[in-house]
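Here are some notes from one colleague to another, to read with the model open beside you. I have kept them as numbered points so that you can go through them in any order.

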Amino acid sequence: MYALDGIANGYHEAWKALQTVDMPELVWTPLTGGHWIATRGDVVKEVYSDPTRFSSEVIFLPKEAGEKYAMVPTRMDPPEHTPYRKLLDSGLNLAQIRKVEEQVRQAAIDLIEPLVAKGQCDFAADYANVFPVKVFMAMADLPMSDVPKLSALAKDMTRPAGNSPEEMAATLEAANEGFFAYVDPIIRERRGKDGTDLISVMVNGRINDEPMPHDKALGLISLLLLGGLDTVVNFLSFSMIYLARHPEKIEEIRFDELKLRRGVEELFRRFPVVSEARMVAVDQVYRGVELKRGDMILLPTALHGLDESANADPWDLDWERKAPQHSTFGGGPHRCAGLHLARLEATVTLQEWIKRIPTFRLAEGANPVYHSGIVAAVENVPLVWP
């Protein structure tokens with residue numbers, strides 16, 4: 001999963017190559033510590049949705065690394081998970097996100113405006129790696145000067161370096177500890193105060209009508225940082241590569257605001273970036289396969305959105321697709337808490353970019369560099385325009 005065959009030609013293309021007619025819906029690989037892979041959309045969806053059979057006790061691969069991951073509440077199952085999720089939703093629900101829309105829009109405009117006259121940019125470096133991070137750091141009331149350090153930690157969590165499960169576990173554990181060390185003084189400083197930033201709202205929230213334990217606060221605030229610094233960043237770059245190669249798709253939404261807004265969900269369907277896992281909770285026979293408690297099942301979300309049995313002609317970005325089926329935001333009790341913010345950031349990016357740079361393409365000889373992992377990434381996205 002960290003070194004996909006054929007990834008030089010595209011991350012989604014490399015995963016999709018597994019979805020052959022004769023490929024079973026659950027397969028075993030001895031690589032990355034040994035684990036199962038769900039190869040069909042309905043299996044990905046079902047495993048995500050059933051915590052009684054498929055636990056979030058370990059969600060990262062290799063399992064040795066996943067056991068070092070200590071963020072909250074992603075490693076919890078209901079009912080323990082429920083009050084933490086309720087608290088997260090209180091800060092990231094649709095009503096709260098609508099309040100920051102103008103802030104988000106201004107952040108996009110401030111980044112795009114200076115690019116217009118240049119006629120070129122590296123979209124990944126100049127926009128995608130900056131915009132969602134700027135938005136999140138403002139919501140959390142954290143300085144942008146801390147971003148390089150935090151982004152490096154996020155990369156080590158989602159794409160850990162190492163040539164063995166043990167080495168990858170050491171990389172991930174060091175990054176997890178790095179996040180905890182960073183948020184510890186911030187949590188202590190904001191506890192008991194009436195700040196309205198996202199971190200203050202979280203650390204002063206109640207869990208089962210009690211103050212949140214400090215160790216759980218470390219995990220929850222670190223999770224917010226990890227989510228805010230790595231996922232939308234990469235999703236935006238994958239989306240823009242496609243749109244640069246398909247200018248006709250831009251023309252379809254350029255003067256149709258409603259189609260653009262409705263079509264954003266199709267972008268998420270087409271460009272999932274997450275490959276989490278679940279741990280088998282009990283010995284069971286599942287879809288004809290004997291699974292043992294402790295076995296890991298990888299859930300490449302790309303294999304749901306791109307499955308023909310879930311979405312007709314899945315490679316095509318169809319702005320008018322009715323009810324696109326995908327697991328881009330996960331599923332079940334752990335469905336991504338930040339999905340409303342992600343949708344807003346994607347919508348605003350399309351609106352403000354197309355308004356100013358409606359005609360653009362990949363530079364001659366452009367060669368995007370793809371990376372696989374818990375969260376996929378792409379670098380080197382040179383765009384040019386008149």
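1. In which sense do strand S2 and strand S10 pair, and over how many bridges? Strand S2 (residues 35–38) and strand S10 (residues 296–300) pair in the parallel sense, over 2 bridges. Within this pair, Trp36 stands opposite Ile297 in S10. Please keep in mind throughout that this is a predicted model.

2. The sheet around that pair is worth a look as a whole. It is an open sheet of 5 strands with mixed pairing, in the order S1-S2-S10-S7-S3. Its edge strands are S1 (26–29) and S3 (54–55), each of which pairs on one side only. Helix H2 (residues 41–49) packs on the sheet and touches S1, S2, S3, S7 and S10. The direction of H2 makes about 120 degrees with that of S10.

3. Is Ser275 buried or exposed? Its relative accessibility is 1%, so Ser275 counts as buried, the cut-off for that being under 20%. The side chain of Ser275 makes a polar contact of 3.2 Å with the side chain of Tyr11. Leaving aside neighbours within four places in sequence, the residues in contact with Ser275 include Met1, Trp15, Leu298, Leu299 and Pro300, as well as Gly373 and Ile374.

4. Thr52 sits in the loop between H2 and S3, and counts as exposed because its relative accessibility is 60%, where the cut-off is over 50%. The side chains of Thr52 and Asp50 are joined by a polar contact of 2.5 Å. As a distance to check on your screen, the C-alpha atoms of Thr52 and Glu248 are separated by 45 Å, and these two residues are 196 apart along the chain.

5. There is another open sheet to note, with 3 strands in the order S4-S14-S11 and antiparallel pairing. Here the edge strands are S4 (120–122) and S11 (361–362), each pairing on one side only. S11 is joined by 2 bridges to strand S14 (residues 382–384), and the two run antiparallel. Leu362 stands opposite Leu383 in S14.

6. Helix H6 (residues 101–116) passes a simple length check. At 1.5 Å a residue, its 16 residues should span 22 Å, and its end C-alpha atoms are 23 Å apart, which agrees. Among the buried residues of H6 are Val104, Arg105, Ala108, Ile112 and Leu115. What do the buried residues of H6 pack against? Their partners are S4, helix H7 (123–128), helix H8 (131–140), helix H14 (257–270) and helix H16 (339–356).

7. Finally, some backbone details to inspect. Most residues other than glycine have a negative phi, and most peptide bonds are trans. The peptide bond from Leu61 to Pro62 is cis, with omega near -5 degrees, and Pro62 lies in the loop between S3 and helix H3 (63–66). The bond from Val72 to Pro73 is also cis, with omega near 0 degrees; Pro73 is in the loop between H3 and helix H4 (81–92). Asn208, in the loop between strands S5 (206–207) and S6 (210–211), has a positive phi near 50 degrees. Arg287, in the loop between strands S8 (284–286) and S9 (289–291), has a positive phi of about 50 degrees.

Terms used
Residues numbered from 1 in each chain as written. Predicted model: local features only at pLDDT ≥ 70, side-chain atom pairs only at ≥ 80, totals over all residues. Heavy atoms only, no water. Buried < 20%, exposed > 50% of the residue type's maximum accessible area, 1.4 Å probe, protein only. Polar contact = N/O pair within 3.5 Å; in protein donor to acceptor, adjacent residues only side chain to side chain. Contact = heavy atoms within 4.5 Å. Pairing = 2+ DSSP bridges. Helix = DSSP H or I, 4+ residues; strand = E, 2+ residues; numbered from the N terminus. Axes fitted to C-alpha atoms, helices over the stretch in contact; angles between N-to-C directions. Expected span 1.5 Å × (residues − 1).
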